[in-house]
Amino acid sequence: MIEFKHVTKVYRNGTIGLKDVNVKINGGEFVVIVGLSGAGKSTFLRSINRLHEISEGEILIDGKSITNAKGKELRNFRRNIGMIFQSFNLVTRSTVLKNVLSGRVGYHSTMATLLGLFPKEDIELSLKALERVNIKEKAYSRADELSGGQQQRVSIARALAQEAKIILADEPVASLDPLTTVQVMEDLKKINKELGITTIVNLHNVELTRKYADRILGFRAGELVFDGKIEEATDDIFNEIYGKEMDKDEIMVEE
Ligand SMILES: Nc1ncnc2c1ncn2[C@@H]1O[C@H](COP(=O)(O)OP(=O)(O)OP(=O)(O)O)[C@@H](O)[C@H]1O
Ligand SMILES: [Mg+2]
């Protein structure tokens with residue numbers, strides 16, 4: 001479980017990223033974060049694994065505070081959290097398998113991983129992860145020989161090899177075409193359901209949100225303005241989150 005307690009993030013230049021956010025995300029949930037550009041979606045996601053430091057409040061993971069964790073303790077927290085980016089973040093000149101194996105670095109000494117020495121079990125685990133996202137046959141291809149959708153699946157496989165309990169995906173499909181988008185979202189949903197991995201995804205697209213979210217968190221100017229099940233997120237709610245102005249006619253009728 002992930003818990004935000006009165007979390008505020010103010011960037012150094014004074015911009016408010018998050019404003020007194022309180023929320024609990026349960027193990028195994030598939031949560032979609034929505035909101036306008038600049039609403040705080042990435043800040044929220046990146047606060048969880050401390051890619052961004054928060055200014056006030058506390059974030060708990062399974063009841064333990066990550067906010068002040070240091071050294072080994074912080075590494076152990078991070079080992080359980082996989083991150084997926086819009087831009088895939090792969091080492092494009094390396095093979096697919098090596099990229100997936102890099103999910104294992106948190107489990108070994110720096111020296112061993114620098115030398116690329118991974119035990120046989122890690123290689124098996126990585127191949128299994130690739131199989132789960134249907135690209136095992138690409139294991140020995142260079143990452144930059146893959147299509148965008150395939151590259152995103154490699155980054156999902158990397159999170160699986162990492163044995164992450166939580167996956168944070170920051171607009172994982174923003175640079176993909178509609179068909180590939182669906183495949184990647186299906187993969188994320190599948191591993192969420194089959195492996196019980198808590199998944200938090202930032203999305204811009206309302207249609208995709210409706211299709212995949214179990215629960216929606218809506219942000220506006222750093223504030224959590226909606227938290228509810230997908231069934232509760234009506235068009236009106238979306239308009240509110242996105243701050244769409246009411247039709248002039250509607251306003252007249254109201255008056
Ligand atoms: N490194 C930074 N320094 C200063 N301000 C920042 C920084 N990163 C983000 N911000 C600001 O914090 C606010 C929230 O940004 P954030 O990136 O979380 O939004 P977002 O909802 O992810 O937007 P988008 O949909 O465009 O990705 C915005 O006003 C943004 O300009
Ligand atoms: Mg963002």
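## Overall architecture

Helices (H or I, at least four residues) and strands (E, at least two) are DSSP runs, numbered from the N terminus. By this assignment the protein has 10 helices and 10 strands. The radius of gyration, taken over C-alpha atoms, is compared with a globule rule of 2.2 Å times the number of residues to the power 0.38. Its value for the protein is 19 Å, close to the 18 Å given by the rule for 255 residues, so the protein is as compact as a globular protein of that length.

This is a predicted model, in which local features need pLDDT of at least 70 and side-chain atom pairs count only at pLDDT 80 or more, while totals for chains, interfaces and linings use all residues. Residues are numbered from 1 along each chain as its sequence is written, and chains are lettered from A and ligands numbered from 1 in the order in which they are written.

## The six-stranded sheet

Six strands form an open sheet with mixed pairing, in the order S6-S7-S8-S3-S9-S10; two strands pair if DSSP finds at least two bridges between them. Strand S6 (81-85) and strand S10 (223-229) stand at the edges with a single partner strand each, so one side of each has no neighbour in the sheet.

Strands S3 (residues 30-34) and S8 (residues 198-202) run parallel and are joined by four bridges. Within this pair, Val-31 stands opposite Ile-200 in S8.

The shell around ligand 1 comprises two nonpolar residues (Ala, Val, Leu, Ile, Met, Phe, Trp, Tyr, Cys and Pro), one charged (Asp, Glu, Lys and Arg) and nine polar (the others, Gly among them). Helix H1 (residues 41-48) gives the most to this shell, with three residues.
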